[in-house]
Amino acid sequence: MTDAEIEITADLVHDLLQEQHPDLAGLAIREVAGGWDNQMWRLGDELAVRMPRTEGAPGLQRKERRWLPALAPRLPLPVPTPVRTGEPSARFAKPWTIMTWVPGEPLDYSSISRGDHAADTLADFLRALHVEAPVDAPVSEDRGGHPQECTDGFDHFFQAVVPDDLAGDVRAVWDDAVAAPDWEGPPLWVHGDLHPANVVVSDGTLSGVIDFGAMFAGDPAWDLAAAWVVLPAGAASPFFDVYAHADKATIRRARGLAALKSLFLMLMGQNGDRGLPGGKPTWGPAGRAALDRVLRGDLV
């Protein structure tokens, strides 16, 4: 899962800053827990350094540097915006990025206590994001399509983590999503990876959205799954009321994708508990709670 060719340390980050952005090298550097494709370091109070650690991470960073400056100004929540680029060098062979820091606590380490406020906030954010994307917008190879294209992945997660007493109900949600009509609108801008580790919380509600490396043009159902994956119990219905642009077929696809994402979170949590590479112990409880919300859903 990770590239172990070179250890990324605070000293390395400082040296790279000194070489390429010396005006920032005097700021305090603090490692930030979490991250998948990138290892992140807090830089002072307002910036962060994202250091790629997987083979695909440089491409994801290039995508963020290309598109976030255009998207960020019209989004109603803070998002990380690229401010400087680090070039490959003898010390570190990949490009890296300095971004704005989004204050708040990642949801997988926190909780939402103001569910109605969070539902309104997320709906407003996605209404602003989900506009028709330009023809040169990125597309995704592994997400963005109809749920039926993800059946192999769903089956893998299903076999790995679904308790026997929930198997029938989980399968029914997925089968309903697979049977739902496809997205017939134009490709919209989609974050693509909304889950508890990619949103931040302050004062009991959503205060920012991070990690746009997966962004693509496609079916908004991939983001609308956050009604169950991110929001607390009882918030999905008010969320869709405020969002106001999702028909029944889109909600069916979104709920199935929420089940898929919940199982993925559970599997990553299981791997974390077992000490396996790429595992995230905090994701397991978040995934199970999300799955419970999916199964209690009353929108379809």
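1. The largest nonpolar core of this predicted model comprises 71 residues. Those touching the most other members are Phe-125, Leu-126, Leu-206, Trp-228, Phe-239 and Leu-263. Helix H9 contributes the most to this core, giving 11 residues.

2. Leaving aside residues up to four places away in sequence, Phe-125 touches Leu-75, Pro-76, Leu-77, Val-79, Val-209 and Phe-212. A second core, separate and made of 15 residues, includes Leu-17, Trp-41, Leu-43 and Leu-47. In soluble globular proteins, nonpolar side chains tend to be buried together.

3. Helix H9 spans residues 248-273, 26 residues in total. From its first C-alpha to its last, H9 reaches 37 Å, close to the 38 Å expected at 1.5 Å a residue. Of its 26 residues, 21 are buried, so H9 is largely enclosed by the rest of the structure. Gly-275, which follows H9, has a positive phi, near 75°.

4. The model also contains an open sheet of five strands, in the order E1-E2-E3-E5-E4, with antiparallel pairing. Strand E1 (29-32) and strand E4 (82-86) are the edge strands, each pairing on one side only. From one strand to the next, the twist averages 25°.

5. How many bridges join E4 to strand E5? There are four, and E4 and E5 (residues 96-100) run antiparallel. In general, strands of a sheet pair through backbone hydrogen bonds, either parallel or antiparallel.

Technical notes
Residues are numbered from 1 along each chain as its sequence is written. This is a predicted model: local features need pLDDT of at least 70, side-chain atom pairs count only at pLDDT 80 or more; totals for chains, interfaces and linings use all residues. Side-chain values use heavy atoms; hydrogens and water are left out. Helices (H or I, at least four residues) and strands (E, at least two) are DSSP runs, numbered from the N terminus. The expected span of a helix is 1.5 Å times one less than its number of residues. Buried means under 20% relative accessible area, exposed over 50%, partly exposed in between (1.4 Å probe, protein chains only). Two strands pair if DSSP finds at least two bridges between them. Axes are lines fitted to C-alpha atoms, for helices over the stretch in contact, and angles run from 0 to 180 degrees between N-to-C directions. A nonpolar core is a set of buried Ala, Val, Leu, Ile, Met, Phe, Trp, Tyr and Cys residues joined through side-chain atoms within 4.5 Å. Contact means heavy atoms within 4.5 Å.
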